[in-house]
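My notes follow in the order I took them.

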Amino acid sequence: MNDKIQASLLKVPEVTLMFWLVKIAATTLGETGGDAVSMSMGIGYAGSSVIFLILFCLIATLQIKSSKFNQYTYWLTVITTTTVGTTLADLADRTLGLGYTGGVTLLVSLLIASLYFWYRTTGTIAIYSIKTPSAEAFYWLTIMFSQTLGTALGDWTADSVGIGYTGSMFIFGSLLGLLALAFFFTSVSRTLLFWSAFILTRPLGAVVGDFIDKPLSAGGLDLSRFSASLSLIAFITACLIIFPQHSAKDKQ
């Protein structure tokens with residue numbers, strides 16, 4: 001397969017500042033949207049997880065089968081991973097009784113296993129190598145595990161450790177800042193930095209989402225989950241329209 005055809009199969013966006021802004025908004029939407037369905041609508045964690053898993057499988061299949069990059073399909077797939085990540089993490093932590101520590105431990109193991117088998121199968125986990133259906137399937141599976149882990153990790157720091165939502169936002173924001181400094185001023189593996197940042201943006205979005213919709217007595221703003229979710233959808237859509245994202249092939 002020649003280079004031109006290979007490049008056309010790369011269906012991930014360029015990793016820019018706008019990519020990370022939309023990613024954080026999408027992860028926050030996953031928290032407010034997941035809670036809106038599981039808690040506000042009363043469907044519960046198990047029922048919501050089934051709904052969002054079906055949506056994730058359908059949209060991820062559409063994304064993988066598509067022949068070229070489409071920013072809306074890509075980010076819709078990301079959003080489904082964040083919503084299913086929210087409800088799955090809550091299901092494991094609360095309904096199944098694993099607790100935040102147990103949930104984080106389980107999800108770290110699943111994430112490491114996904115990355116390991118992806119590497120063993122394809123020889124690399126770099127995003128610019130995602131040019132086959134099998135590599136893209138590993139990519140989305142890894143993202144789903146990272147989103148679920150991020151939810152559990154955010155809840156663990158805010159609740160179990162007792163740092164609270166604002167304290168947790170500061171911690172995860174600072175860690176992301178350190179990764180940015182490492183990107184600009186060191187030669188640390190870009191693949192390692194990408195996945196580290198991708199994972200850390202999820203707990204940041206989780207605690208931001210909780211801060212938005214949790215009661216005042218719990219340290220939140222007690223805003224409507226539905227209005228917050230709609231506002232985030234509008235923000236993401238506006239970003240994609242005003243600053244359209246392009247396939248990462250443009251950077252090769």
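**Charges over rings.** I began with the charged end of Lys-23, which sits over the ring of Phe-198, 4.2 Å from its centre. For this I require NZ of Lys or CZ of Arg within 6 Å of the ring centre and within 35 degrees of the ring normal. I also found the charged end of Arg-190 over the ring of Phe-183, 4.6 Å from the ring centre.

**Ground rules.** I am working with a predicted model, in which local features need pLDDT of at least 70 and side-chain atom pairs count only at pLDDT 80 or more, while totals for chains, interfaces and linings use all residues. Residues are numbered from 1 along each chain as its sequence is written, and side-chain values use heavy atoms, with hydrogens and water left out.

**Phe-183.** I placed Phe-183 in helix H7, residues 164-185. Helices here are DSSP runs (H or I, at least four residues), and strands are too (E, at least two), numbered from the N terminus. Phe-183 has 40% relative accessibility and counts as partly exposed. The scale is buried under 20% relative accessible area, exposed over 50%, and partly exposed in between, with a 1.4 Å probe and protein chains only. Leaving aside neighbours within four places in sequence, I see Phe-183 in contact with Arg-190 and Leu-193. Contact means heavy atoms within 4.5 Å.

**Aromatic pairs.** How many aromatic pairs are there? I pair rings of Phe, Tyr and Trp (its six-membered ring) if their centres lie within 6.5 Å; planes under 30 degrees apart are stacked, over 60 edge-to-face, and the rest tilted. By this rule I get 16 aromatic pairs. One of them joins Tyr-74 and Trp-75, edge-to-face, at 5.1 Å centre to centre and 85° between the planes. Tyr-74 and Trp-75 are both buried. For Tyr-139 and Trp-195, I read ring centres 6.0 Å apart and planes at 65°, so this pair is edge-to-face. Tyr-139 lies in helix H6 (residues 133-160) and Trp-195 in helix H8 (residues 190-213), so the pair ties together parts 56 residues apart in sequence. Tyr-139 is buried at 1% relative accessible area. Trp-195 is buried too, at 5%.

**Ser-146.** I looked next at Ser-146, in helix H6. Is Ser-146 buried or exposed? At 1% relative accessibility, Ser-146 counts as buried. Not counting residues up to four places away in sequence, Ser-146 touches Leu-111, Phe-198, Ile-199 and Arg-202.

Helix H2 (residues 17-40) packs on helix H4 (residues 71-95) at about 45°, with the axes 8 Å apart. I use axes fitted as lines to C-alpha atoms, for helices over the stretch in contact, with angles from 0 to 180 degrees between N-to-C directions. H2 and H4 are therefore oblique to each other. The classes are roughly parallel under 35 degrees, roughly antiparallel over 145, roughly perpendicular from 65 to 115, and oblique for the rest. The contact residues include Ala-26, Gly-30 and Gly-34 of H2, and Val-78, Thr-82 and Thr-86 of H4. The axes of H2 and H8 come within 7 Å and cross at roughly 45°. H2 and H8 are therefore oblique as well.

**H4 against H9.** I found the axes of H4 and H9 within 11 Å, crossing at roughly 155°. That makes H4 roughly antiparallel to H9. Gln-71, Tyr-72, Trp-75 and Ile-79 of H4 make the contact with Ile-236, Leu-240 and Ile-241 of H9.

Phe-235 is in helix H9. I note a relative accessible area of 41%, so Phe-235 is partly exposed. Beyond four places in sequence, Phe-235 is in contact with Leu-21 and Ala-25. My last entry is Asp-222, in the loop between H8 and helix H9 (225-242). Asp-222 has a positive phi of about 60° although it is not a glycine. Asp-222 is partly exposed, at 47% relative accessible area.
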